[in-house]
Amino acid sequence: SVLVRDALMAPLRELQSATHFRQLTDGCWAPCKPSERGAKKLSLLEVPAQALRTPPVTHAHFDAAVERCRPTVAQSELARHEQFTREFGAGNAV
């Protein structure tokens, strides 16, 4: 769940770090690169909240989260679990 939460927060971090936004055809504002056509230098707080287009969560966000997140279970704990499973069984696991 830590990994999923990190990936889901990635678009918000993109919005917070954006320095430029452009207005889309539907009137919403989306973050963009300074070199993009229609880019305006704005901070997130300057964009009307009701007109803000949040970037979608993508596979790349999950890939980055995998790189960033550390395991929540220590290797020694995994070894203890595997030993327990071998001794007492748990279906066809391990």
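**View 1. A nonpolar patch on the surface is formed by Val4, Leu8 and Val57.** Welcome to this predicted model. Look for leucine 8 in helix α1, which covers residues 2–17.

**View 2. Two phenylalanines in helix α3 bring their rings together as an aromatic pair.** The count of aromatic pairs comes to 1. In this pair, the ring centres of phenylalanine 84 and phenylalanine 88 are 4.7 Å apart and the ring planes meet at 45°, so the pair is described as tilted. How open is each partner to its surroundings? Phenylalanine 84 has a relative accessible area of 47%, so it is partly exposed. Phenylalanine 88, with 57%, is exposed.

**View 3. The largest nonpolar core is made up of 7 residues.** Its members are Leu15, Ala18, Phe21, Trp29, Leu42, Val47 and Ala51. In soluble globular proteins, nonpolar side chains tend to be buried together.

**View 4. Here is a closer look at leucine 15, a member of that core.** Which residues does leucine 15 contact, leaving aside its neighbours within four places in sequence? They are Phe21, Pro31, Leu44, Leu52, Arg53, Thr54 and Pro55. One of these contacts, Phe21, also belongs to the largest nonpolar core.

How values were computed: Residues numbered from 1 in each chain as written. Predicted model: local features only at pLDDT ≥ 70, side-chain atom pairs only at ≥ 80, totals over all residues. Heavy atoms only, no water. Patch = residues over 30% accessible without salt bridge, like charges linked within 9 Å, V, L, I, M, F, W, Y side chains within 5 Å. Areas by Shrake-Rupley, 256 points an atom, 1.4 Å probe, with all protein chains shown as cover. Salt bridge = Lys/Arg side-chain N within 4 Å of Asp/Glu carboxyl O. Helix = DSSP H or I, 4+ residues; strand = E, 2+ residues; numbered from the N terminus. Phe/Tyr/Trp six-rings, centres within 6.5 Å; stacked < 30°, edge-to-face > 60°. Buried < 20%, exposed > 50% of the residue type's maximum accessible area, 1.4 Å probe, protein only. Core = buried A, V, L, I, M, F, W, Y, C linked by side-chain atoms within 4.5 Å. Contact = heavy atoms within 4.5 Å.
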